[in-house]
Amino acid sequence: MIKKILIANRGEIALRILRACKDLGIKTVAVHSTADADAMHVRLADESVCIGPASPRESYLNIPAIISAACITGADAVHPGFGFLSENPTFAHMVEEHGLIFIGPKADHIVMMGDKIMAKKTVSRLGLPTVPGSDGALTKLDKAIKLADDMGYPVLIKAAGGGGGRGMKVARSNEEFVEAYETARREAGISFGNDVVYLEKYLENPKHIEFQVIADQYGNAVHLGERDCSMQRRNQKVWEEAPSMVLSPEFRNEFGRKIAKAISEMGYVGVGTLEFLYENGQLYFIEMNTRIQVEHPITEMITGIDIVREQILIADGQKLSFTQDDVTFTGHAIECRINAENPDTYIPSAGTVAKYHCPGGPGVRVDSFVYEGYKIPPYYDSLIAKLVIHGKDRQQCLARLRRALNEYVISGVDTLIPLHLRLANDPRIIEGNFDIHFLESFSKNLKLK
Ligand code: MV4
């Protein structure tokens, strides 16, 4: 049994992993930069190691420092959380090379899903629907133009090494294609060191639906339903929901089981999220994430499954303690990301938390690492809390969300709380009528007022 885990992350996910470890009686090692010496996960961990200065490159991305910390503290395993090194196959491999358990999928699967062309090919071969487009990389401009003409515009040119919305260019006509193609390749080469691009039919107004899966080392794979992550701004998720409002229980059951079967056939181990676009009643696969996701708590709220706990038990070589038939979906959950940002401009707002009061009561969970007097460092992402609400149905969930947002006190820095209150009171949101473009237009309209 794993006895000690080094948590190679910071912020709320570090605290989340630490809590799962404590529930399992597993010792914890926190690593931190000089800027995070006073962080909550450092205070609550059994041991802590400073791994470098504030800059992520010298601390949370510093592979030798993190592995050294694991070795000198005698950790058995390393949990990468999300972001930072969580989808870095070299890190996964180096951890294993040093005789430690990497709490995540095999490095080969991280590589496979990190290449968006290979990911689509793999998932398509396993029988899941993908967005129509090129069969592989676009290598010759004339062939690419012909394919785009044949597919019909608009088309989307995507970087194989991209993902999360980075490195995408829309072409709405033959005349726009060449510039979009050349810009996409140039920017991909600069951003990802890989200028390989591929083509997809551009879906104009989709929803963003992602399925959570979990698989043990014995081929048992289970889906935990889907999440609607359409409420995004510049590809940054702000508000997520489970279940979505568009899938019927029958469709969820059938499609989810197809996904789980594909994951099992791939020999995938650990937690994973398959991202789809939903349009005209169809789901189209776009990419797969091989890490725990920020929004995992809403799936936990409707299934009652502690996903981080299961991740650790899988890494420890244990069989999944539940089958697909054991998984049930109860009620509705919404997660609001509380970023330290201006609610109108989204400009990050670092500073000291003057007053802090958490909401509570039925159906309210707050995953946060801040406290009164905490100084929010400017070096990292602006997520300071996740407000996670559960209700018997979506309307009760929204009512509880409005109550909790009104109870939540964070002063001294700007936060997205006012934005979430506006969203939770908007008739289109209450109706569930939003796609991936909603928040951009909602935010623009606000600025005009
Ligand atoms: C798309 C798309 C429309 N058509 N692919 C953005 C993030 C990455 N997961 C893929 N993304 C998109 N891929 C096709 N063929 C629209 C987006 C997209 C998006 C997707 C989900 C949530 C928010 C988004 C915001 C902008 C673009």
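**Group meeting: a core and a sheet**

Okay, let's start at L387, which touches I334, E335, C336, I338, P359, V364, R365, V366, L401, A404, L405 and Y408, leaving aside residues up to four places away in sequence; contact here means heavy atoms within 4.5 Å. Quick caveat: this is a predicted model, where local features need pLDDT of at least 70, side-chain atom pairs count only at pLDDT 80 or more, and totals for chains, interfaces and linings use all residues. Residues are numbered from 1 along each chain as its sequence is written, and side-chain values use heavy atoms, with hydrogens and water left out.

L387 also shows up in the largest nonpolar core, 76 residues, where W239, I338, L387 and L401 have the most contacts inside it. By core I mean buried Ala, Val, Leu, Ile, Met, Phe, Trp, Tyr and Cys residues joined through side-chain atoms within 4.5 Å, buried being under 20% relative accessible area with a 1.4 Å probe, protein chains only. Helix 1 (residues 11–23) gives the most to this core, seven residues. Domain 1 (4–103) and domain 3 (207–448) both contribute residues, so the core lies between them; those bounds come from an automatic or database domain assignment.

Now the sheet. Three strands form an open, antiparallel sheet in the order 7-6-8. Helices (H or I, at least four residues) and strands (E, at least two) are DSSP runs, numbered from the N terminus, and two strands pair if DSSP finds at least two bridges between them. Strand 7 (166–171) and strand 8 (197–201) each have a single partner strand, so one side of each is left without a neighbour in the sheet. Five bridges join strand 6 (residues 155–163) to strand 7, and L156 stands opposite V170 in strand 7.

How values were computed. Buried < 20%, exposed > 50% of the residue type's maximum accessible area, 1.4 Å probe, protein only.
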